[in-house]
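Let's take a walk through this protein together. Have the sequence and the fold ready as you read.

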Amino acid sequence: MIGVLLRRDLGLLLPGGRGGGGVLPLLFFLAVAMLYPFAVGPDAPLLARTGGGVIWVAALLAAILPLEKLVAGDLEAGVFDQLHLRGVSEELAMAVRLLAHWLAFAPLLLLATLPAAALLGLTAETTRTVLLGLLAGTPGLAAVGLAVAALTATLRGGAALAGLMVIPLAVPILIFGAGALARPDPGALLLAGAISLGLCALAPFAAGAAIRAAREG
């Protein structure tokens, strides 16, 4: 059952799937990387000094884009009612959706970091740190996004509200992930990874409770 759910969710969220939203974060991310050098001018030291932080902010904002497609459509279509009748708990469904959400946007974002880093003139060491930070932090971004999407799925204007809620909740990941660029020790990356793991553990339960309340209400 888990494999069936994962295949279905990936088909919905990956680029070219029914949701079609998987390509939007990638395009947004690359657009920010291309436009930022035009905004600050041809100052190579400034670009190299600030580029890593820009990539992090772009990744955070790009992670918000697929939120509208994560939960609301299936909730309206009664998918979660059908899963409940088949004995699949909301928490399990949300855990699988979390994995599918991360697989749909994070690997593409990590790949896009390489051309973005080249556009911003980042060194190889800085690019490596950014990649490690995103690898540690994107599961947490996906977890926050899923939980917020479930909580706002039944609200009018839920997509806009979800975006506003995700940003402050994701600030700790951003602080430690981007903060790793300013210090040579791996402590910030480890903290970003620990926060991500904690969020991934909590998100299916929070999202599952929200889906159950919406379904029973």
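Predicted model: local features only at pLDDT ≥ 70, side-chain atom pairs only at ≥ 80, totals over all residues.

Residues are numbered from 1 along each chain as its sequence is written, and side-chain values use heavy atoms, leaving out hydrogens and water.

Start with helix 7, residues 124-151; helices here are DSSP runs of H or I, at least four residues, numbered from the N terminus. Of its 28 residues, 20 are buried, that is, under 20% relative accessible area with a 1.4 Å probe, protein chains only (exposed is over 50%, partly exposed in between). Follow helix 7 to Gly137, and you find a kink of about 35° shortly before Pro139; the bend is the angle between axes fitted to the seven residues ending there and the seven starting there.

Next, look at Phe80, which touches Val71, Ala93, Arg97 and Ile211, among others; contact means heavy atoms within 4.5 Å.

Arg97 also leads us to Asp9, as a polar contact of 3.1 Å joins their side chains. Such a contact is a pair of N or O atoms within 3.5 Å; within protein, one must be able to donate a hydrogen and the other to accept it, and residues adjacent in sequence count only if both atoms are side-chain atoms. Asp9 sits in helix 1 (residues 2-13) and counts as buried because its relative accessible area is 2%. By contrast, Ala44 in helix 3 is exposed, since its relative accessibility is 52%.

Methods:
Helix = DSSP H or I, 4+ residues; strand = E, 2+ residues; numbered from the N terminus. Expected span 1.5 Å × (residues − 1). Lists of a residue's contacts leave out its neighbours within four places in sequence.
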